[in-house]
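The exercises below ask you to read strand order, helix packing and domain layout from a structure. Work through each task before turning to its solution.

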Amino acid sequence: MHKGAPMKMPRKKVSFSTIKRLMSYITHYKLQFSLVLVAIILSTAAGVAGSLFLKILIDDYIEPLLLDANPLFSGLFTAIVIMGGIYMVGILATLFYNRVMVVIAQGVLKKIRDEMFAHMQMLPIKYFDTHSHGDIMSHYTNDTDTLRQMISQSIPQMFSAVITIVAVFFAMLYMSVWLTLFVLIFIFFQLQVTKSIVGKSGKYFVKQQAALGKVNGYIEEMINGQKVVKVFCRERQAEEDFDRLNDALCEHATAANKFANILMPIMANLGNLQYVLLAIVGGALAISGLPNISLAGSGTLTLGMIASFLNLSKNFSQPISQVSNQFNMVVMALAGAERIFKLMDKESETDNGYVTLVNAKYEEGVLTETKKNTDLWAWKHPHRDGTVTYTELKGEVRFYNVDFGYAEDKTVLNNITLYAEPSQKLAFVGATGAGKTTITNLINRFYDIADGKIRYDGIDIKKIKKDDLRHSLGVVLQDVNLFTGTVMENIRYGKLDATDNEVYEAARLANADDFIRRLPDGYNMVLQGNGGSLSQGQRQLISIARAAVADPPVMILDEATSSIDTRTETIVQKGMDSLMQGRTVFIIAHRLSSVQNSDAIIVLEQGRIIERGNHEKLIAEKGKYYQLYTGAFELE
Amino acid sequence: MIKQLLKSVRQYKRASILTSLTVTLEVIMEVIIPLLMADLIDYGIDAGNMSYIWQMGIVLVIFAMISLAFGALSGKYAADASAGFARNLRHDMFYNVQKFSFANIDKISTASIITRLTTDVTNVQYAYQMILRMAVRSPVMLVFCLIMSFGINAKLSWIFLACIPILAVGLYFVMSKTHPIFKRVFKTYDKLNMVVQENLRGIRVVKSFVREDYENKKFGEISNSIYQDFSKAEKNLAFAMPLMQFCMYASLLLLSWFGARLIVGSELTTGQLVSLITYAMLILMSLMMLSMVFVMITISRASAERIVGILAEESDLQNCASPEFTVNDGSIRFENVNFSYAKDRNKLCLKSVNLDIKSGETVAILGGTGSSKTSLVQLIPRLYDVTEGNVFVGGVNVKNYDIETLRSEVAMVLQRNVLFSGTIKENLRWGNKNASDEELVRVCQLAQADDFIQGFPDKYDTYIEQGGSNVSGGQKQRLCIARALLKKPKILILDDSTSAVDTKTDALIRRALREEIPGTTKLIIAQRISSVEDADKIIVMESGEINAVGTHRELMCTNEIYQEAYHSQVKGGKINA
């Protein structure tokens, strides 16, 4: 099944380790794979026997029968029945290996896909921030697709071709060494021609790929901005630019395909040429009665031998051109495999945490672990001396002299020290790029700090197991991401074992219950394409409900209301206010009105804290916050 | 559907026809060659006639050369035709998309348009090339081989003629069982891609909620269903090859048996038998090829349908017969306007809107999400057509303007705006191709963008990455406003265009607009009360209807929605200020 996908040209070298690693997936099916190899040998052998049969038919049966006055066909009949048996084995072997190979190929692909996805989940956020999603996607589409073709088609075909070549080679030697030599010389010449054409075609394919990339890039950018194009009446300009790129692509595509298309007739007719030359040479040898040397001994060439040899020689050059055709495919697939393995080799998020979150209860004033589902949680902290201490989960977060930069040479945060007591509300204010979001990225360890310390309930967060740390933090982001599925499933994402009632409760808390019930299918309405059928505010409410059902002691609200209009914001704000009750909250907001009632407001500028305090204090200080705050009303 | 596609062949018709023609000639050569080879064996080698071998050999070489020439030519023409066809398809699609109205774009969706222009075209290009070469080649081969073999020996030819229906029925059976599974597999593939895409986009959510295992399970289920279906489909397909072998081997053996008898009975020569066998193989091969072409066509059919979907889509906005080419002034009037995206009277987004805006006024529009603020202003540059009623600009119905004229006088800064890869200068000049550098600086000063642009090392030559990813949200919005200002429009619409800009800069922009382009009618959609309160007129929208129109002072006294919004935002601030 060739999907006609655009070919990616092979890179220069494929490392041996890639092949080895790929083989390790295949050898997982050791038994099946060895059976497949046996079946391929049988199937190929039947094919080769078929080409030899013609010689036997002519030399051993037809010729003697011609001389016989009363020809008896019983011998021929037996030969044909035997041949039929051999063919039957070949056919069954073909059926067997084709079917088993499908299972192997699909199994390997499934395993690679699953491993790739599972590993991708483990990668640090940094990977996703620094790689284009399109590139990552192509590992799941293009790269696996070429791999599928290689495993299910190219490998069996190449293996069968190699066996055919070897078998036919000996069969030819069996008949005539001289003619075999002649065929070898001719094949050598044929390969030279192929090489030069494939090389030329390859050069143009590279150009075609580059041109295609440009056209596709242009299409993507323009169509994504199509509405802007229309508003500015730039259609004609866009068309002109597009034509230029499109024409260049057409030119390179024509050249590339031309060479690829010409290869087939050249190979076929070189085969014909070889046939003629062989007939002339063979004929000359047979007629002149020159001695023939073969594996079977020496003698003279017979008519049947030449006819048969001619047939064999075709069977010899065919698999050779087949291998050279498949070779490109294999190199392409291996390049894809290499890219996939590269993703799988990317270092996953480091997690050396050993402090875990457990259910706890107080027994005679002492905090102890329990299997029961209590509402009380504790950090279980095993120490080096073997003792274990329990600390109640409260939600206190402290930063001590934290420095951080996304790239090593550029610090984004400088010497940040701050604290949030349990149930306190802490707000970050500052311009874009001041480092507000970065601070929240550090709390849940999406990124790790360069210097300093962050403590959660007094424990260094590097000691806390990442999963447990994140379980204790709720996040509502500006860009809402919902998943395809029902509203119910989306809210339940926060706590997979939440009962329906818990989901309703969370939705009520987030002020979302009302509108959800008014949706066509209520909680069972299926959301698609990131909840495209809902308004921005509604989507945000669902994401708040999702965080609410998880019920974490610490919440991070990153610009959760900035893309909502003020009326909706009032509704969302109500939902958030009830969500914030009794929790430690880190809030980032554009509108100062939503941060005024924070316990502390932290003003950031270029990665440094320049002011901190509550609203009244900051207003009284008449600093940056005061400017920002009054700036909103300066037109009065 | 095919007719629509073939319209795009145009100047490559010649190459397409020549491909089929040269393929036919190549096939004829290929069919004759085995016949000559038979003669070579019979009269040359068999008779020990060396001069005949030479003679025939030379003839054969000449034929091979001719065959090669035709083969090469057909390859060349096929490349010309298919690459050219793809070029025309892309061209036609892209041009038609340029004609699309917003409604058309919404209907097909941006992402889908992109896949259709890229992947689908490539699929069709390869299918076209395959069809030109193989779909001609196989039937021609079949027919000529049959003619030739009947010419050699009619009796024996019946043998493989009998094999053809067996193979054909068998292949048909395999294909018809496999095709629906493949169709399902491709759909599952879409699902797999969707899960990966959602996962990539929402990776922060996944990690925050520690849902890696859950996602793995979700992915695993789909991955497994692909595994199941694909295995099933390909296992079915695996019957094709042995079936082919069966027919091939069966005819080979039958030919050998009956052939031998005929040879002994002097009705056939050895050479002829060899040729017959060759023809039998060629015929069965061509049938196999044909079935491959069939698979190829069914796969690319989906792509072809999607392409035709774009080609056949007609823009629902057309210029009227004798359009107006001048816009008198920036006045706007809505007369009983009803509007629905679905053109359905029961799903109205705007209900009986009446509005009168004088040229040069500053009008603010306020309202909750989904109150149709954007829908309202989009009718002014005729991005959508009203469902009922009329919109007038400069006293003329917008439908009577030349669309380009109207849109260059009505500049709209979209809510979801886009910058394109290129320098800041190039991006700004979208507004006016011939603007001088001084003009660029002036509009950027108005939009409060000059300051930060001067801060860049390359200033106005700073390269903007695709989608404007290397400037902040607020900077992007200001550049978009500057770009619109460069058009020197009579009407300027800002659709929530300063949401990421801080309040102070927002105020500066509005002041600059008021002072520097007083003649331009300004429509501002905003969420902040502070952004709207100094407008000449404030329109309060509520679920598709105009709830109230008035000045800040009037609305503060009379309008509940406005008061509510005001208090929710200004709260404590008012007391302190």
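**Exercise 1.** In which order do the four strands of the open sheet in chain A lie, and is the pairing parallel or antiparallel?

*Solution.* The model is a predicted one. Begin with the order, which in chain A reads S4-S3-S5-S6, with antiparallel pairing. Next, look for the strands that pair on one side only: these edge strands are S4 (366-369) and S6 (388-392) of chain A. From one strand to the next, the twist averages 50°. Finally, take one pair in detail: strand S3 (residues 356-363) of chain A is joined to S4(A) by four bridges, the two running antiparallel, and A:Ala360 stands opposite A:Glu369 in S4(A).

**Exercise 2.** At what angle do helix H13 and helix H15 of chain A pack, and which residues make the contact?

*Solution.* Helix H13 (residues 500-509) and helix H15 (residues 536-550) of chain A have axes 8 Å apart and pack at an angle of about 125°. Angles of 65 to 115 degrees count as roughly perpendicular and those over 145 as roughly antiparallel, and H13(A) and H15(A) are therefore oblique to each other. Their crossing is right-handed. On the side of H13(A), the contact is made by A:Glu502, A:Val503, A:Ala506, A:Ala507 and A:Leu509, and on the side of H15(A) by A:Ala545, A:Ala548 and A:Val549.

**Exercise 3.** Into which domains is chain B divided?

*Solution.* Chain B is divided into domain 1 (1-152 + 300-316), domain 2 (154-267) and domain 3 (332-576). Between domain 1 of chain B and domain 2 of chain B, the C-alpha centres lie 24 Å apart.

Key:
Residues numbered from 1 in each chain as written. Chains lettered and ligands numbered in written order. Predicted model: local features only at pLDDT ≥ 70, side-chain atom pairs only at ≥ 80, totals over all residues. Pairing = 2+ DSSP bridges. Axes fitted to C-alpha atoms, helices over the stretch in contact; angles between N-to-C directions. Domains from an automatic or database assignment. Parallel < 35°, antiparallel > 145°, perpendicular 65-115°, else oblique. Left-handed = near helix turned anticlockwise from the far one by under 90°. Contact = placed C-beta atoms within 7 Å.
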